[in-house]
Amino acid sequence: MAQTSGGSTATNGASSNNTILADHHAPPEKPSGRYLAVLSLAALGVVYGDIGTSPIYALRESLHGSYGIEATRLAVLGVLSLLFWSLILVISIKYLGFVLMADNTGEGGIIALTALVMPRSGGKGKGPQALLVFAGLFGAALLYGDSMITPAISVLSAIEGLEIVTPVLTPYVIPITVAILVGLFSLQRHGTARVGALFGPVVLVWFLTLGILGLRQIIQHPSVFRAMNPVYAVQFFADNGIPGFLVLGSVFLVVTGGEALYADMGHFGKRPIRLTWFGIVLPGLLLNYFGQGAMVIENPATIEQPFFLMAPRWGLIPLVILTTCATVIASQAVISGAFSLTRQAVQLGYLPRVDIEHTSEKEIGQIYIPGINWLLMVASIGLVFGFRTSSNLASAYGVAVTTDMVFTTILFAFVAYHRLGWPKWAAAGIIVAFLGIDLAFWGANLHKIPSGGWFPLVVAGILFVVMTTWRSGRRVLERLMKERTMPIDQFLKSIERDGPMRVPGLAVYMHGNPGVIPPALLHNLKHNRVLHERVLLLSVRVHDVPRIGREDRIEVEEVGNGIMRATAHYGFAQDVHVPAALALANREGLLEFKPMETTYVLGREHLIADPKPPMNIWRARLFAVLSRNATGATTFFHLPPNRVVEMGSQVKI
């Protein structure tokens, strides 16, 4: 599928960039040597921040008093067995073994996976395929709810460690958490380029600390490794019935970073992600979880805060500081992921244009979206005040990610069969093997909906309505605007007959359909009665692959009488920079482009209410609001403001 873009409210493109666009390719599939070490360290800091902070609260919540299960020896071994096999089956086998195979030219994540499901012809798809696309969109919308909850629960759980240091600090936990969140979101405009180099070493220290803390306890009770036997997990379910099944809703907290792991594949490649998981992350997590379990078996009262109570008294304050740093890094990764997700949705035509700022002159992927940033900040702070403890927040955590994991399994099975060429029995095996696990986690999280799990679902529902309304509205508007265009051949005959006055320079008209004369050009000719000596009809196409190489960036064709048409091609993970594309065409001899002699003429449609709108009235009104608040094409395509002319028209919708 390719999404055609242009300069009107009906169209979309990519974000602006303040430097000449350079191709941003994924890392090589098989890096080695020092480069592999550098990539692995960077991956450690970005990919595993979320899953790496789960030990702070996962075991505690799994044996929380609300389930009515006492922290007996058998119960602890049963929960540890569930934790162990969840990490092995879901992360090690499902994501690292299978899901990472479904890369969209190196890019991962549910948007990239959904793009693989979309019809190659560019149509809407029919039947099951259309349902899968909608499932992918809803899964992407769910990640926004997760992006609001993760900073709140991560930072709050870290600061709650102060209560172990001294109960006197308890009243200050929420104010300190809010202050850290305000600082975290305020720093986003500066980007992660300056502090990103610190993420890997800090997270490396974090995982080493996790392992050491756990090992101290395991040495005293090595029998805790019996939990690796799945019989203990089966026995746990048999002994506890329904409450034992519901515990899966908290056990799931150990694998909540799986979707982020997949989404970050495009930044680092598969090999560094797998290497750091099996070499550092998995051993550190398992040692810590088993260490917590050993301590709780020895003293069941420590289940209130097993993570912090593993540390010696003198190490509590340093551990709280390190934990806070780790949770801030985890939150940073989730926030950056929300920015990338937004850009991809805009590129594919599911969200209106937004203001996107670049925070690095070298890395195109490092972006900042002010509107999304402040929305996430307000929501995260609101969640802290609303839920007040990380235990309460855990009730809202899990519903979104489990639903995403269900969708990921189904989408992967479709891609494995239709794109990777797997036989039907193999794709069906994936469904049977992993969907059963996903649905078990999903079912165990459903009871959280009344106590907070409703929040990410409401957020996702709102965003899903926005996405589908914007997509439908654009199609309707494009159909209406098509009636105001003119075929190129007919236009050429008319100007040969009438001979309008020609003025020096190049006029660039941006429009979604390169095969017709856009309304803006017709309006300009009608009202101003002049035509530039050279006219370029420019269309931007955003494809369902992450990146298009520079060699395939732009095509230019002469159609006659000084009129040319061009199509610029981009992937959904790239930024559109129109002057840079024209400069590239100039260097390749396809077009004579002089920036100070070029005028960009854009169409701007003013939407007015139609008594009989072509779509539901409430959706038409929502689309009109979204259109009015979309970032202008001048900023979005990074056109020089002093070279832009807008031609307005009214459209009933």
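Of the 653 residues that make up the protein chain in this predicted model, 59% count as buried. The chain holds 26 helices and eleven strands, and its accessible surface comes to about 25500 Å², with 62% of that area belonging to carbon and sulfur atoms. Among the contacts in the chain with a separation of 6 or more, 84% are accounted for by residues 24 or more positions apart.

**Nonpolar cores**

- In soluble globular proteins, nonpolar side chains tend to be buried together.
- The largest nonpolar core in this model has 190 residues, and the members that touch the most other members are Tyr48, Leu87, Ile91 and Trp277.
- Helix H6 gives the most to this core, contributing 15 residues.
- When residues up to four places away in sequence are not counted, Ile91 touches Ile51, Ser86, Leu96, Val255, Gly258, Leu261 and Trp277.
- Another core, of 17 residues, lies apart from the largest one, and it includes Phe491, Leu492, Leu521 and Val601.

**The pairing of helices H5 and H6**

- Two packed helices are described by the angle between their axes and the distance between the axes.
- Helix H5, which covers residues 110-117, and helix H6, which covers residues 128-159, have axes that come within 9 Å and cross at roughly 170°.
- Because angles over 145 degrees count as roughly antiparallel, H5 and H6 are described as roughly antiparallel to each other.
- On the H5 side, the residues that meet H6 are Ile110, Ile111, Thr114 and Val117, while on the H6 side the residues are Gln129, Leu132, Val133, Gly136, Leu137, Gly139, Ala140 and Leu143.
- Sorted by class, this contact of H5 with H6 has eight nonpolar residues and four polar ones, and no charged residues.

- Phe593 is found in the loop between helix H24, residues 578-587, and strand S10, residues 598-608.
- Phe593 has a relative accessibility of 9% and therefore counts as buried, since the cut-off for buried is under 20%.
- Leaving aside neighbours within four places in sequence, Phe593 is in contact with Leu506, Pro579, Leu582, Ala583, Asn586, Thr598 and Tyr600.
- One of these partners is Pro579, and Phe593 and Pro579 are 14 residues apart in sequence and 9.1 Å apart in space, taken from C-alpha to C-alpha.

Terms used. Residues are numbered from 1 along each chain as its sequence is written. This is a predicted model: local features need pLDDT of at least 70, side-chain atom pairs count only at pLDDT 80 or more; totals for chains, interfaces and linings use all residues. Side-chain values use heavy atoms; hydrogens and water are left out. Axes are lines fitted to C-alpha atoms, for helices over the stretch in contact, and angles run from 0 to 180 degrees between N-to-C directions. Helices (H or I, at least four residues) and strands (E, at least two) are DSSP runs, numbered from the N terminus. Angles under 35 degrees count as roughly parallel, over 145 as roughly antiparallel, 65 to 115 as roughly perpendicular and the rest as oblique. Contact means heavy atoms within 4.5 Å. Ala, Val, Leu, Ile, Met, Phe, Trp, Tyr, Cys and Pro count as nonpolar, Asp, Glu, Lys and Arg as charged, and the others, Gly among them, as polar. A nonpolar core is a set of buried Ala, Val, Leu, Ile, Met, Phe, Trp, Tyr and Cys residues joined through side-chain atoms within 4.5 Å. Buried means under 20% relative accessible area, exposed over 50%, partly exposed in between (1.4 Å probe, protein chains only). Accessible areas come from the Shrake-Rupley method with a 1.4 Å probe; for residues, only the protein chains shown count as cover.
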